[in-house]
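Here is a short report for a reader meeting this structure for the first time. Please look over the sequence and the model before reading on.

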There are 2 protein chains.
Amino acid sequence: MYDVLKTINSPADVKKLRAEQLETLAQDIREALFNRLTKIGGHFGPNFGIVETEIAMHYVFDSPRDKFVFDVSHQSYPHKMLTGRKNGYINEECFKDDSGYSNPNESEHDLFNVGHTSTSISLASGLAKARDLKGGKENVIALIGDGSLSGGEALEALDFVGSELKSNLIIIVNDNQQSIPEVHGGLYQNLTELRETKGKAANNFFKAWGLDYIYEENGNDIQAMIGVLQKVKDIDHPIVVHINTQKGKGYQPAEENREAWHWCLPFKRETGEAKIRFPAESYTNLTAQYIMNKAAQDKDFVAITPSMPALGGLTPDLRAKLGKQYIDVCIAEEHAIAMASGIAKAGGKPLVFTGSTFIQRTYDQISQDVCINNNPVTIVLNFASFDSLTDVTHLGIFTMAAFSTIPNLVVLAPTSKDEYLNMLDWAVDQKNHPVMIMMPGNMVTSRPADKDYDKINTFKVEQAGEKVAILALGDFYQRGEDVAEKVKSELGFIPTLINPRFASGIDEQLLSDLMKNHQLVITLEDGIIDGGFGQKVAAFYADKNMKVKTYGLKKEFYDRYNPQELLEQLGMTTEQIVAYVKNISK
Amino acid sequence: MYDVLKTINSPADVKKLRAEQLETLAQDIREALFNRLTKIGGHFGPNFGIVETEIAMHYVFDSPRDKFVFDVSHQSYPHKMLTGRKNGYINEECFKDDSGYSNPNESEHDLFNVGHTSTSISLASGLAKARDLKGGKENVIALIGDGSLSGGEALEALDFVGSELKSNLIIIVNDNQQSIPEVHGGLYQNLTELRETKGKAANNFFKAWGLDYIYEENGNDIQAMIGVLQKVKDIDHPIVVHINTQKGKGYQPAEENREAWHWCLPFKRETGEAKIRFPAESYTNLTAQYIMNKAAQDKDFVAITPSMPALGGLTPDLRAKLGKQYIDVCIAEEHAIAMASGIAKAGGKPLVFTGSTFIQRTYDQISQDVCINNNPVTIVLNFASFDSLTDVTHLGIFTMAAFSTIPNLVVLAPTSKDEYLNMLDWAVDQKNHPVMIMMPGNMVTSRPADKDYDKINTFKVEQAGEKVAILALGDFYQRGEDVAEKVKSELGFIPTLINPRFASGIDEQLLSDLMKNHQLVITLEDGIIDGGFGQKVAAFYADKNMKVKTYGLKKEFYDRYNPQELLEQLGMTTEQIVAYVKNISK
């Protein structure tokens, strides 16, 4: 088992291998991928499809002198195994040593922490530019998937390197004919033409940017890949190496269903069946139900996603049913949002959904195209909670604070199934505000909720009390309930419990009223405190007679933390909060 | 004077004109442009170059049924004159009625408030999509300049419409061979080829996206433009109409120096000389001096701008001197920042500069590519003050708050020439932090300043006092000095005056120390209060015995305001602040 892989301690060891050993190495790597992914899950298709390419990269080039940049970097597992990190794949005890992305803290062979798409060409061009300033001669290689190419950052970079960078830069375009779901967009028609003509089509997307170009049909053939990379090694200008690969190569279920196997939970190899089951009712599935019902009832409604249909629960069959009421723009958040503004302006009802961490890719469009124009676009964000994704590149904890600085944008933080659905209904149908809704990360709970949110920034008193008011926003509302309960039982009075609902502003009247019989206001939010909801409350009371304590996350790039432990570190467990109240009430 | 223009009250009147009257109309429009621009300035080249196109658009299409979207929209003046707003150009008393951008509040012929580039194709595709959902038949036309094409948002949109929108959309690409300065990037090589072959080059940038394409060489010929637009009217799929125009057409200085005449101050028509002179010493010029000196001394240094060299004072001769130590990426903020991260990673010293309002176009790259990786990129922002630009699309007041939510990013707000230059020196040479520097908008002043900012979030006590502490950030420091002076003279005690310098964090030790002999802390910041500096201070003291009053702008899309009047409305004049202190000190 892993006979060849076990001999690889650095890329130098790869270079010593004979052709047939390289083939065995590829098998070993796939076995190691199975070992890790069946047990802890991770990105499947991208890694299985790129094994031969990354072996060839290390065979031909000389990392870390030559510099590799991995786009998104969720396809860097084979590279990791070849650069001293095989234990993270073959030895279960070491799984946690390796993140699921390239990571400079792990190895000098990793240059960037990368988790968002479309970054590699820009980052690599910077490495190349610095090399040129310093008079270096190393190769700089960006590896980017076809799905990542549609992002504005990658396209801007193609434009730049097409004419401005007149030195070595090798862009490997890994064309596996797939984004996360199927690809969408004109450039993919051209990639198809290029594949069908073995790179000879008259109209060439890459040459149109001024780039040199070479095509390799057999991207899953180590010797073919070694051949093409040897050709471009030490080239004196930027070139695109367009390679054709099979996503999920080596595992039939993944080859056949590339969308489902982009990423996987722990699974049984024999059947492909996931070892973990989620409850049937989830906020993601509720979103899908809402979208399907709304689309059926309202022909003006359209759901839009930048390549993230699963984050709205839209399986391929549901997408097919939606027909023209569903748009996947591929990875193109800026276009998704600006187009939605145009749709809203013309009387349509656009709902854009994606992951919380990705919405910052379109900050300017939300501000300028949508909010200055006050067009009623609804944005729904999944993975918005501090405990939904814990990789440093995928944290949802910054969104509420960052987007609450944009005027006109109404940021809503629902606390239950009923409130979430009512907010969706209201947001999509009203015509007066752009709205961002943070999808709860908690288990689905039910509780009566208002239907009308026209009175912006009206907080809801869920329990009227005295002395202490708890403003528990969105996902942390249940935590607020727990605190309120414990304050009552342990301290002997009934505190006020408030569901703010609106994260982007404050209810000044209510906050003023609280001053009559409260001495302390506690804010709880599932996001960073800096610039967040609690600081708005603190600022309101800052020159008045009211103490405020703000609870939330620190402004920090947390990475792969245990959520419960983090809460304790931050002094945010129910017990810790109640202890604070007890102490200050003395 | 304006004989034909005076007859135009709506686009219907344009359609009635004979060919020679249309020519006179073009002359009238240029005269009207001269009338407004010589007196109040504005965008010159873009409007003079597009007169014939916009006449032809209104002649051929039927606005507002047919829908025009203007990219950046600083070229929409002729359109405005043809849609009932000629008085904003021919009658000085009405100049203020019209903004310098398209504006739905002015006219039903304007669909969006637009001031940032690269938005039109996305916005227009949204109008087209809503039309298709509703079963409409109108034409949707986007007008975009070649300079705007390089932005990610526009490129993402080309990809989408190239294959996904299978209905009417007419994209007029106004190719005047110019961005704000000269264009940079591979796509411009292709545009050159297309112009040289009258649209027949084998490799076609637009066709590579799957788009239909037609070329018109004579974009400044009304009849030629009418001809080509009549050809594409009511087309059933997206098409690019690539037109060749002369930027600044009709005014020799502007035709000869397209960069200088992109935008103009009030000027004398005979000579082109500006009627307003700025002081020779400005923060912009100081930036240029810094860049030139640094580049000469340090071969690792490189200045980068997304098409905004003037915002760093870099005239064409200075850029030529910088050679490979200067990069203009064209309008491509995302690439500029990500490339800078790559440069910094490889040991270079990148300084990226642009306007404050534009930096939000690259929010994700600053967060992910730069800050998660903690690469030492320096970002310098011009027009960062509430009184530098007052158009709603160009406000600099949101930046400090929005970017202070990103971990690792050090946001600096200098208060004098010395401090600004020392901060630049420190930021560019240090290796530990990404740094954003808000260029002061005030007149240049001099005052001793620290050289070392390694101790992040260390505030500077400029005057030690008692009772009241004034934390006056960046551009509002001078206002803090005035308040301190007046408090002393009117209230009879010496307040503490603090120059925070760091906008992205607080000096907890200093804030704690203030509690010994102060009862009130005042924060002043040149930006919105929501999520800003003052709220961090307020939150720090929220459960302690200290009153805090935060002064700053409201979270609001202000438009074309008088800065002094706005300060009064906000209660932020020196007198008003001192009155507050007097009142609370009673």
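## The interface of chain A and chain B

In this predicted model, chain A and chain B bury about 8,900 Å² between them. Carbon and sulfur atoms account for 56% of that area. Buried area is the accessible area (1.4 Å probe) that two parts lose on being put together, summed over both. Leu133(A), Glu156(A) and Phe557(A) supply 8% of the area that chain A buries against chain B, more than any other three residues. The contact (heavy atoms within 4.5 Å) takes 111 residues from chain A and 111 residues from chain B.

Polar links cross the interface too. The rule finds 62 residue pairs in polar contact there, both residues at pLDDT 80 or more. A polar contact is a pair of N or O atoms within 3.5 Å; within protein, one must be able to donate a hydrogen and the other to accept it, and residues adjacent in sequence count only if both atoms are side-chain atoms. Helix 7 (residues 120-134) of chain A gives the largest share of the side of chain A that touches chain B, 10 residues. Helices (H or I, at least four residues) and strands (E, at least two) are DSSP runs, numbered from the N terminus. Between chain A and chain B there are six salt bridges. In one of them, Asp530(A) pairs with Lys536(B), with the closest N and O atoms 3.0 Å apart.

## Salt bridges

How many salt bridges are there over all chains? The count comes to 70. A salt bridge is a side-chain nitrogen of Lys or Arg within 4 Å of a carboxyl oxygen of Asp or Glu. Lys80(A), Arg85(A), Glu106(A) and Asp110(A) are linked in a network of such bridges.

Asp298(B) takes part in a bridge with Lys294(B), at 3.4 Å between the closest N and O atoms. Asp298(B) also meets Lys349(B), at 2.7 Å, N to O. Buried means under 20% relative accessible area, exposed over 50%, partly exposed in between (1.4 Å probe, protein chains only).

Lys516(A) and Asp513(A) also form a salt bridge, at 3.6 Å. Lys516(A) is exposed, at 69% relative accessible area. Asp513(A) is partly exposed, at 29%.

## Aromatic pairs

The structure holds 58 aromatic pairs over all chains. Rings of Phe, Tyr and Trp (its six-membered ring) pair if their centres lie within 6.5 Å; planes under 30 degrees apart count as stacked, over 60 as edge-to-face and the rest as tilted. Tyr290(B) and Phe301(B) have ring centres 6.2 Å apart and planes at 90°, so the pair is edge-to-face. Both Tyr290(B) and Phe301(B) are buried. Tyr363(B) and Phe403(B) have centres 4.8 Å apart and planes at 40°, so this pair is tilted.

One aromatic cluster includes Phe205(A), Trp209(A), Phe205(B) and Trp209(B).

## A covered helix

Helix 15 (residues 363-372) of chain A is mostly covered, with 10 of its 10 residues buried. Among them are Tyr363(A), Asp369(A) and Cys371(A). Just after helix 15 of chain A, Asn374(A) takes a positive phi of about 50°.

## Conventions

Residues are numbered from 1 along each chain as its sequence is written, and chains are lettered from A and ligands numbered from 1 in the order in which they are written. In this predicted model, local features need pLDDT of at least 70, side-chain atom pairs count only at pLDDT 80 or more, and totals for chains, interfaces and linings use all residues, while side-chain values use heavy atoms, with hydrogens and water left out.
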